[in-house]
Amino acid sequence: MEISALQKERAGYQPKLPKALQGAVKVKEGTPTQSVDNQEEIKKLFPNTYGMPLVEFEPAETANNAKMNVGVILSGGQAPGGHNVISGLFDEIKKLNPENRLYGFLMGPGGLVDHNYMEITAEFLQAYRNTGGFDMIGSGRTKLEKEDQFEKGLEIIRKLDIKAIVIIGGDDSNTNACVLAEYYAAKQYGVQVIGCPKTIDGDLKNDQIETSFGFDTATKTYSELIGNIERDCNSARKYWHFIKLMGRSASHIALECALQTQPNICLISEEIQAKDLTLNDIIENIATVVAHRAAQGNNFGVVLIPEGLIEFIPAIGRLIQELNDLLAAHGADYMHLDEEAQRKYILAHLSAENRATFETLPEGVARQLSLDRDPHGNVQVSLIETEKLISDMVAAKLGKWEQEGKFTGKFAAQHHFLGYEGRCAAPSNFDADYCYALGSSAAQLIANGKTGYMAIVKNTTAVADQWKAGGVPITMMMNMERRNGEMKPVIRKALVELDGAPFKEFAAQRDRWARETCYIYPGPIQYWGPSSVCDQTTKTLELEQAK
Ligand code: FBP
């Protein structure tokens, strides 16, 4: 494989580890845990993996030389640092016993079911250390949920003499990891399953998980690009830039990028929902800022839009709920229809209120909402061009105000969608270290006989030496939610909290950012240099952990 000069230098970077993982390790167990909600139902569904204690690693005198082969799976969207989780896992299991082997299942959870795998050797791994991407073994979104998939997986697990599977994924993939752990435990197959918190979206976090990996690098990468756009915008002074940011339902990415770059406007979906704003309210608010800046001669600006926005506008959210149920129940009759017939079908089956909302949406957006969900039942929000929808509606509103003599400025828009640009960026030092430590923790959870746990690393705003590593029972993070028309046990998604420190900081500053031009240009991620530049965490983490 040919590699860049940066990659060559980065390959030599030795990720930092928490003290507890630097030598031999022992386990300290806490008290039994409970799920965040619906305790009785979750306990009933997970009798073998419910209520287990939190686990923390501590330095030990003697090493456990556990003999174990391990399988690893990358699941869902790419996130910077995935290769380092695998490096940390590999190094730790080899440290435990050089005969231990690591197998990578290819292209996501489907690799386990279809028996597509490779052995990860030291030589093969070397080219992937501290690199972005999931290309080492590939990723996929196959949902592991059925008994026949679990049994098919078991055949290859037995053949390769695998003791445990590590699933590196987001909330949905870790929910499935827990279901698999429970199934293998119930059957007494002796196969352990460990999860690992991945997603650029930042929505897999709670009291135990300070951040999901990839969020740090992705938001720094987007912030660099937003800063570059802001500088262009402030130089040419002739465009309004509408920038949609990936992140699925939650607005963590948009909020973090706003804190890093201080744009004129940043929409936060969770606030829009809480205030029960309509699409028209949102457009009026943006147009008001545009008109105000124009009155001061500033016909330019930057607007950040979270990709999940559309789902959080209450009327559209209700429509999506009904469409989800409708597609889950009638998918088979519906899917073979042509586009026009599908629209008619939907209109014929929706309730009067939701039909009215559906009819008012631009056709492209209505169409996206009517398309197939991803395997976990999510609307594929990254496909909806919200940035264009919003800027077109703002232009129309300003046109109307112009006719009424209320707007005399100029409005020209540029559109951007920042998503795939950041998911495979070379991991920041934070993500490189954090992921490596997560991989090491996963190995230690396995060596210590744990299943149904997610590897965790805490105290991450301190220097890496002082980070705390361990595991959290996945059932502890679960509650019951409606998915594809049915109530299911799932890990509770973390949305932006309006009384949380990051949002409050943003809310205190945003009026000034709208009126004045307060852009910050963060520049690219740095790997070498002063620690204040190279090892800084996200603003979100800094503000949340300061409490
Ligand atoms: P995960 O939840 O799997 O980490 O997905 C992250 C994400 O990048 C979302 O932000 C985005 O909506 C989605 O993946 C896009 O999916 P795809 O990669 O299938 O286009």
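Predicted model: local features only at pLDDT ≥ 70, side-chain atom pairs only at ≥ 80, totals over all residues.
View 1. Residues are numbered from 1 along each chain as its sequence is written, and side-chain values use heavy atoms, with hydrogens and water left out. Local features need pLDDT of at least 70 and side-chain atom pairs count only at pLDDT 80 or more, whereas totals for chains, interfaces and linings use all residues.

View 2. An N or O atom in the side chain of R423 lies 2.8 Å from an oxygen atom of the ligand. From the backbone, an N or O atom of G77 is 2.8 Å from a ligand oxygen atom, and a polar backbone atom of G247 is 3.3 Å from an oxygen atom of the ligand. Taken alone, the ligand exposes 480 Å², of which the protein buries 83%. Accessible areas come from the Shrake-Rupley method with a 1.4 Å probe; for residues, only the protein chains shown count as cover.

**View 3. The two domains.** The chain is divided into domain 1 (16-214 + 427-478) and domain 2 (216-423 + 499-545), with bounds that come from an automatic or database domain assignment. Taken over C-alpha atoms, the centres of domain 1 and domain 2 are separated by 33 Å. To their contact (heavy atoms within 4.5 Å), domain 1 gives 24 residues and domain 2 gives 27 residues.

**View 4. Helix α9 and its cover.** Helix α9 (residues 252-261) is mostly covered, with 10 of its 10 residues buried. Buried means under 20% relative accessible area, exposed over 50%, and partly exposed in between (1.4 Å probe, protein chains only). Helices (H or I, at least four residues) and strands (E, at least two) are DSSP runs, numbered from the N terminus. Among the buried residues of α9 are H252, E256 and Q260 as well as I253, L255 and L259. The elements that cover the buried residues of α9 include the helices α8 (215-236), α20 (501-515) and α22 (539-545), together with the strands β8 (240-245), β9 (265-266) and β10 (301-306). Just after α9, Q262 adopts a positive phi of about 55°.

**View 5. N264, between α9 and β9.** N264 belongs to the loop that links α9 and β9. N264 counts as buried because its relative accessibility is 2%. Its side chain reaches two backbone oxygens: that of W513 at 3.0 Å and that of E516 at 3.5 Å. With neighbours within four places in sequence left aside, the contacts of N264 are W240, R293, G301, V302, R510, W513, A514, E516 and Y519.

**View 6. K244 in strand β8.** K244 is located in strand β8. K244 is classed as buried because its relative accessibility is 1%. K244 and G419 are 175 residues apart in sequence, and their C-alpha atoms are 8.2 Å apart in space.

**View 7. E284 in helix α11.** E284 forms part of helix α11 (residues 279-295). E284 counts as partly exposed because its relative accessibility is 33%. When neighbours within four places in sequence are left aside, E284 is in contact with K397 and W401. Between E284 and I3 lie 281 residues of sequence separation and 49 Å in space, C-alpha to C-alpha.

View 8. N97 is placed in the loop between α3 (82-96) and β4 (102-105). N97 is buried, since its relative accessible area is 15%. Not counting residues up to four places away in sequence, N97 touches N65, A66 and K67. K19 is placed in the loop between α1 (5-11) and β1 (25-32), and K19 is partly exposed because its relative accessible area is 48%.

Terms used
Polar contact = N/O pair within 3.5 Å; in protein donor to acceptor, adjacent residues only side chain to side chain.
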